[in-house]
Amino acid sequence: MTAATRVKGWCPSLLAPMVSGDGLLVRVKPSAATLTLAQAQSLAQAALRDGNGMIELTNRANLQIRGLSPETVDAFAAAMQAEGLAANDGPFEQIRNILASPLGPEDLSATFDSHALAGELEAALAQSPELHRLPPKFGVLIDGGGALSLAGHEADIMLRAHSGGLGLWIGGSDLAAHVQPGSAVEAALALALAFLTLGSSRTPPPRRMRDLVSQMGSAAIFAKAGLAASPRTPPVAPAARPMSGPGWLSLGLPFGQIEAPRLLSLIGKARALGAEALHCTPWRAFVVSGLAEAAIEDLQHWARSAGLIISPDDPRLTIAACPGYPHCASGRTQSRADAERLARSGLASGTSLHVSGCEKGCAQPKAAHFTLVGESEERYSLVRNGRAGDTPVATGLSLDAAITELRKGRSNAPRL
């Protein structure tokens, strides 16, 4: 791994842009992962006016806006703050990383209202300046269960439905504390403070909860937070998530990307059909809510013609791909164009593929059955059952040669 591609250890925010190959990029973090249609329209219009119009949905359910410039980035930030999509306080905005299950109170099968709890936690964090020193990647997950649960997704602190109350897990541990909804925010803040307090004695200080767990064990962290913990099994990720349900429709974005004009078209169509909101997911799909049954079918027809994903069998759902060259300064290959070809090859069915422009592997931090890592223009290395930074089993592959290798290896691919 070269210095140029070293993992930077921080995430951009609206007020802390990151330099990339196509200009500055920022992230917008909607509260409870939800935008009104008016907010979404303002965001798309601003991305077109101030950036290059490329919008990405990240694996933290944030919206990443690309192609901003030093002359336009402040105007974009001001527009988002005016829409209530970001805080004015820079340190708080940097650590305002709260992922909630997308439908919140609109999912009647959920155990609790994840959006209400996310709002309470966000307000409490804003009033806790001692926690604004948390590392920029530190985050909290709130999963109400139900049709679109966040099972299978992780964060530094995780609140999930459990045994008639809430289970409070931390990253890198199988211990959890049982808490009641009324004390969940206080308990989560206590764990965050315990992370900072215990981590301050370490050199270097840990950047994620799992790092601290590996250094001193999770029992000490729960004890520091004043919480009793015991082994508890978290919910298991579903084999596939539904694409629609009562009043809502999930629309996958190919490789997590949508252009601003297409998003504006989606918003216009959704508004005409009576929709109320757009919800972001960490599996790179928008969920449109507030739809009547007939409107769901109408929106499905429109989405198919617009190139969005409406079927759980779409091979693009099993391929993760970063923007690659020329959009990313570290990218060496045109990852998404090559991912499109892999999707058409039929190789993606029943397996997980990751096409990464470099060793950082931003599009999929966890392991995949097969990971193609950009080496140079039009050349990849191949990692089996690992991450982009792991040791490859083959190097110097053209895309055609990589496809041949994938065909050979598919039948022996274990389930991750």
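Reader: How do S3 and S15 pair, and over how many bridges?

Author: S3 and strand S15 (residues 277-280) are antiparallel and share three bridges. Bear in mind that this is a predicted model.

Reader: Which residue is the bridge partner of Thr-34 in S15?

Author: The partner of Thr-34 there is His-279.

Reader: What sheet do those strands sit in?

Author: An open sheet of five strands, in the order S3-S15-S16-S13-S12, with antiparallel pairing. Strand S3 (34-36) and strand S12 (244-245) are at the edges; each has a single partner strand, so one side of each has no neighbour in the sheet.

Reader: And S15 with S16, how many bridges?

Author: Four bridges, again in the antiparallel sense. In that pairing Cys-280 stands opposite Phe-286 of S16. The hairpin of S15 and S16 has four residues between the strands, and Arg-284 takes a positive phi near 60° in it.

Reader: What about S13 and S16?

Author: S13 and S16 run antiparallel and are joined by five bridges. Here Leu-251 is the residue opposite Phe-286 in S16.

Reader: Is S16 buried or exposed?

Author: Mostly covered: five of its five residues are buried. Ala-285, Val-287 and Ser-289 are on one side, Phe-286 and Val-288 on the other, and both faces are covered.

Reader: Phe-286 keeps coming up. What does it touch?

Author: Leaving out residues up to four places away in sequence, the contacts of Phe-286 include Leu-57, Leu-63, Leu-249, Ile-258, Leu-266 and His-279. Phe-286 and Phe-76 have the most contacts inside the largest nonpolar core, which has 55 residues. Helix H1 (residues 37-50) supplies the largest share of this core, six residues.

Reader: Which residues are in the second core?

Author: The second core is separate and has 43 residues, among them Phe-138, Ile-157, Leu-175 and Ala-187.

Reader: Changing topic: how many aromatic pairs are there in the whole structure?

Author: One aromatic pair turns up in a search of the whole structure. It is formed by Phe-138 and Phe-195, is tilted, and has 4.7 Å centre to centre with 45° between the planes.

Reader: Where do those two lie?

Author: Phe-138 is in the loop between helix H4 (114-126) and strand S7 (140-143), and Phe-195 is in helix H5 (residues 184-199), so the pair ties together parts that are 57 residues apart in sequence. Both Phe-138 and Phe-195 are buried.

Reader: And Trp-283, what lies over its face?

Author: Arg-241 does, at 4.1 Å from the ring centre.

Reader: Back to sheets. What is the order in the one with S1?

Author: That open sheet also has five strands, in the order S1-S2-S5-S4-S14, and the pairing is antiparallel. Strand S1 (18-20) and strand S14 (257-259) are the edge strands, each pairing on one side only. From one strand to the next the twist averages 30°.

Reader: How is S1 joined to S2?

Author: By three bridges, with S1 and strand S2 (residues 23-28) running antiparallel. Val-19 stands opposite Leu-24 in S2.

Reader: Which strands does H8 lie across?

Author: Helix H8 (residues 260-272) lies across strand S13 (248-252), S15 and strand S16 (285-289), at about 20° to S16. H8 also lies across strand S4 (54-57) and S14, and runs at about 85° to S14.

Methods
Residues numbered from 1 in each chain as written. Predicted model: local features only at pLDDT ≥ 70, side-chain atom pairs only at ≥ 80, totals over all residues. Heavy atoms only, no water. Core = buried A, V, L, I, M, F, W, Y, C linked by side-chain atoms within 4.5 Å. Buried < 20%, exposed > 50% of the residue type's maximum accessible area, 1.4 Å probe, protein only. Contact = heavy atoms within 4.5 Å. Pairing = 2+ DSSP bridges. Axes fitted to C-alpha atoms, helices over the stretch in contact; angles between N-to-C directions. Phe/Tyr/Trp six-rings, centres within 6.5 Å; stacked < 30°, edge-to-face > 60°. Lys NZ or Arg CZ within 6 Å of the ring centre and 35° of its normal.
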